[in-house]
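Here's a quick briefing to read alongside the model. Have the sequence and the 3D view open as you go through it.

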Amino acid sequence: MKKVVIMGASSGMGYALAEALASRGVKVGIAARHTSSMRELKDRYPLYVEYESIDITKRDAKAKLESLIDKIGGMDIYFHSAGIGYENLSLDPEREVEIIRSNAVGFARMLCSAYRYFRDNGRKGHIVAITSVAGTKGIGRLSAYSSTKKFDQTYINALEQLSHEEGADIAFTDIRPGWVHTPLLPDDRKFPMEMSEEYVLPYILKAIVRKKRVQVIDWRWNALVGAWRLLPNCIWTRMKIRLSDPDTPLPVDLNLPASEDRRFD
């Protein structure tokens, strides 16, 4: 039986994937900062779910990941869905750093920990991560977010190259969705080509099963990002990117703790 660890499973696509796998009899280790929803999932599927409170921005995250792996008796697939994102039009430095700390530093910490687990134990493994179509180009309204997603995509490429060099039997899947309406997106805003969790989940499951290297979700976003790539920077940087309708900043309170930030995948 495959054993899957999902980082960032308290809500959104991480939670949806955990629920789908547990309902199919897959052993799942789930982790996030907040445990209430994970505890509820454990109560529903006691034979198939274990959970751990992990903050990927903290140094003890690696040790806690190892503890979670022990709880489920090993790991075949590591799925990374943890991250934060929001508009920061004032470019408050601390808010930018908060995104980078989670989406870049935390991302690297957890993916290299998963890589080391597979390599050092001589295990065939699969590392799957949700990045974003936002990593295609730098987006002014999402400066730190789009930049960290580009970092994530490049980091996966680097680990894949290292895996070939070292002879580690590790597959990689980079999942790049557009807007997904998770509970953390505001209900009173409509985002371009917005997708539901129910719509996106089958794409993710198929990408995992087929070990697809890159999965853009969906075909509309695939066409759009293909066009973005063709635009020279001299044109791109003069474009106004509309994030939602109406075109007003997302409601972000600079005094909110990181747990209240709005996610974009």
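**The big picture**

The protein's secondary structure comes to 8 helices and 9 strands, taken as DSSP runs numbered from the N terminus (helices are H or I, at least four residues; strands are E, at least two). Keep in mind that this is a predicted model, where local features need pLDDT of at least 70 and side-chain atom pairs count only at pLDDT 80 or more, while totals for chains, interfaces and linings use all residues. Residues are numbered from 1 along each chain as its sequence is written, and side-chain values use heavy atoms, with hydrogens and water left out.

**Overall packing**

- Of the 265 residues, 52% count as buried, meaning under 20% relative accessible area with a 1.4 Å probe and protein chains only; exposed is over 50%, and partly exposed is in between.
- Take the contacts (heavy atoms within 4.5 Å) between residues at least 6 apart in sequence: 69% of them join residues at least 24 apart.

**Helix 7 (residues 219-230)**

- With 12 residues at 1.5 Å each, helix 7 should span 16 Å, and its end C-alpha atoms sit 17 Å apart, which agrees; the expected span is 1.5 Å times one less than the number of residues.
- The buried residues here are W221, V225 and W228. They cover an arc of only 50 degrees around the axis, so they end up on the same side of helix 7; the arc is that of the directions from the helix axis to the C-beta atoms.
- An α-helix has 3.6 residues a turn, so residues three or four places apart point the same way.
- That buried set packs against strand 8 (195-196), strand 9 (214-217) and helix 8 (233-236).
- On the face turned away from the buried side, helix 7 carries the exposed residues W219 and L230.

**A18 in helix 1**

- A18 lies in helix 1 and is buried, with a relative accessible area of 0%.
- Leaving aside residues up to four places away in sequence, A18 touches I6, V28, I30 and L41.
- A18 and L41 are 23 residues apart in sequence and 8.5 Å apart in space, C-alpha to C-alpha.

**Lining of the second largest pocket**

- Helix 1 (12-23), strand 4 (77-80), strand 5 (125-130) and helix 6 (197-210) each supply at least two lining residues.
- Helix 6 gives the largest share of that lining, 4 residues.
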